[in-house]
Amino acid sequence: MFNLYLGDRMEYSKLFSPMKIGNVEIKNRIVMAPMCMGFGQYNGCATDKMMDYYEQRAKGGVGLIFTEITRVNDITGASSFGQLAMSHDYQISALKEMAQRIHKHDCKIMVELHHPGRQNLGLMIGTVPICIAGDKLMGSRYTKLLTGAVIPQGKKLQARHFVPRTVAPSKCENSKMSDSINRALTVRGIRRLIRQFVEAAVRVKKAGCDGVELHASHGYLIQQFLSPNTNRRNDQYGGSLENRMRFLTEIIEGIRQNCGKDFPIVVRLTVDEMYDRIGAPGKGYGLDEGVKMAKILNDKGIDAIDVSSAAYDTFNYWLEPTTFECGWRKHLAAEIKKAVDIPVIAANLIRSPEQAEQQLEDGIQDFVSLGRPLIADPYWVNKVQSGDENLIKRCVCCLYCFESMMENAYKYDHGHCSVNPFVGRENIVMKHNGTGRKVLIVGAGVAGLTAAELLVRRGFDVTVLEKEGEAGGQLNLAKKPPHKDKIGWVCKDLAANAETQGANIIFGVTATKEIIHSYKPEILILATGAGSIFPKAFEADNVSTVTQILNGSVKLENKKVAVIGSGMTGLETSELLAAQGNQVTIIEMADEIAPGAWFQHLDDAMQKLNDAKAQFLTGHKLLSVHDSFIMLERLKDGSEIKLPVDYVVLSLGSKPNTSLYNELKDSNDYKIYNIGDSSKIGRIANATESAYQLVLSID
């Protein structure tokens, strides 16, 4: 063990030691993983917003930044409208400017070269060149036309497969997420793409960047060549492992010939497709073959290997939801580390500096790759180095960054973060004109604590009143289902930052009109949250809401329980009930479970509920509750069904707690605002955004 401890604080000697990738020295062992957030533009040039985003992470102390997926081909290889590109010489100058801004902070930058292959949307094939031309001719009017009319119609055509085919090594099954029909590349097409990867690398070098990363992971085109599931060719680019790797190795050879031996090449490699995790053992390739691939790449003379896993078909095993244990896939990097003599980079769902240091010391990897954690807190590295790791705003794996990026990708907008409302707004400077004015905030949930921190940073005198004994609000319930404890980090981190900035948080105080007046605030902000909907028609001794199950006031064991409502709260409460030994049946009025939920959360929950042998009834409505059964209406034909149950748990949504606001809203003693769930029911991101917007609007 090499750690030194100063009191209770670890000295992260490995984490902050330099190491080289090729001939490029990185000042520490922390790299920013490549993540597409959509800060670009049609023509693929880096924008000011993109530069601001990356530069803030460089300022935050990271040693190396891998850019987002960067296209090498505009026709079949464009994944989004706001994507970085190195497909043309005119894109070099903007990338050069971005590299210079990052280099100012003693941070290195490498560009991840990418082609989506079959995982692209047919809708995107050939679209970007048209968009570039349209933008030149019409400017913002073109974007309004595209996002308002063309894309919605295009999505309908996509759903019916009336769009061009995507490309793949061979014709194969559709990718789970895009569901686009694909076609096999010709040998000529393969060689053209190899040239385009090489030409893109040459442009990256001309821009003054420090190297390239080839994206051979997550089911994109290079990995499609590696996998026997998607590569069924019988020529020199298919069949044996050597042939399946030829596309990648010829790209590497071309970059070496054109960029020289001193220009670092990193390969981001899926070393296990993880099909066994979704009940398809033997499909694709596993770790044994992944190790062989790593050895071949090592012998080819690449400079580092960035270990990853899975593909879009096995999505949750590379971009994990909240329930996954930190470090769960570190064994992958450990096996690769044994097999190669070049630096190993890996993400491994690292969420704390202690975990990062330990995995470096244990020889699992040489560099720690932080993706989502650096979206959530761009100053993660500096906070650790300065001894303020308790102030890190941790990523809780809520997946909102990816979900919002995907939702906005076809609106010419970018992704967001649940805990960091400044993503994409890195150039915003808040006014410091609070002048000690008194602000009273009621509620220490997400919205209240976000507002508290930001207002103190603006110079206001902030007090927060919370009726419970801890911060958290609704998240104190959300963290109760199995493996959801990360959710509790949000308000813990927000409270630590707010208090450090100078906010006074007082617990165990139920705010009343009289108590509020005693503080004589100039500004009153109510963030009183929400409560579960409980229709009077269903009130009975054997009925409760999800709130009562999650807060422990109602405990059930070995019961037949009907959960009414299959939103994510209902599903997660059902997981808890099943873990407590109950037989759960989930009733949903819609024709599908969790309509509107992000598919990753649903996949994660459904796997656990299926393992627990939970039952599902869709298209049914609760009519009445009795001592030992409930009556349901089957909506398809109006027939009634009697279902034997011992207990009923209602998950019918939430309603804002507005009683205090309604009582005080006409007061002339202070300016009053209502934010978060007490204004409008939403998610964590909605709460932080409402607080952010309010704080910036206050004069």
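Modeller: Two strands count as paired if DSSP finds at least two bridges between them. Helices (H or I, at least four residues) and strands (E, at least two) are DSSP runs, numbered from the N terminus. The model is predicted, so local features need pLDDT of at least 70 and side-chain atom pairs count only at pLDDT 80 or more, while totals for chains, interfaces and linings use all residues. Residues are numbered from 1 along each chain as its sequence is written, and side-chain values use heavy atoms, with hydrogens and water left out.

Biologist: In β27, which residue is the bridge partner of Glu633?

Modeller: Strand β26 covers residues 629–634 and pairs with β27 in the antiparallel sense over six bridges. In β27, the partner of Glu633 is Glu640.

Biologist: Which are the edge strands, each pairing on one side only?

Modeller: The open sheet has three antiparallel strands in the order β25-β26-β27. Pairing on one side only marks the edge strands, β25 (620–625) and β27 (639–644).

Biologist: Over which ring does the charged end of Lys642 sit?

Modeller: A charge sits over a ring if NZ of Lys or CZ of Arg is within 6 Å of the ring centre and within 35 degrees of the ring normal. The charged end of Lys642 is 4.5 Å from the centre of the ring in question, that of Phe629.

Biologist: How many residues of strand β22 are buried?

Modeller: Buried means under 20% relative accessible area, with exposed over 50% and partly exposed in between (1.4 Å probe, protein chains only). Strand β22 spans residues 560–564 and is mostly covered, its buried residues numbering four of five.

Biologist: In β28, what is the bridge partner of Val563?

Modeller: β22 pairs in the parallel sense with strand β23 (residues 583–588) over five bridges, and Ala562 has Thr585 as its partner there. β22 also pairs in the parallel sense with strand β28 (residues 647–650), over four bridges. In β28, the partner of Val563 is Val649.

Biologist: How many residues apart in sequence are the parts that the pair of Tyr317 and Trp328 ties together?

Modeller: Rings of Phe, Tyr and Trp (its six-membered ring) pair if their centres lie within 6.5 Å; planes under 30 degrees apart count as stacked, over 60 as edge-to-face and the rest as tilted. A search of the whole structure finds 20 aromatic pairs. Tyr317 and Trp328 form one that is edge-to-face, 5.9 Å centre to centre with 70° between the planes. Both residues lie in the loop between β13 (304–308) and α10 (330–339), so the pair ties together parts whose separation in sequence, in residues, is 11.
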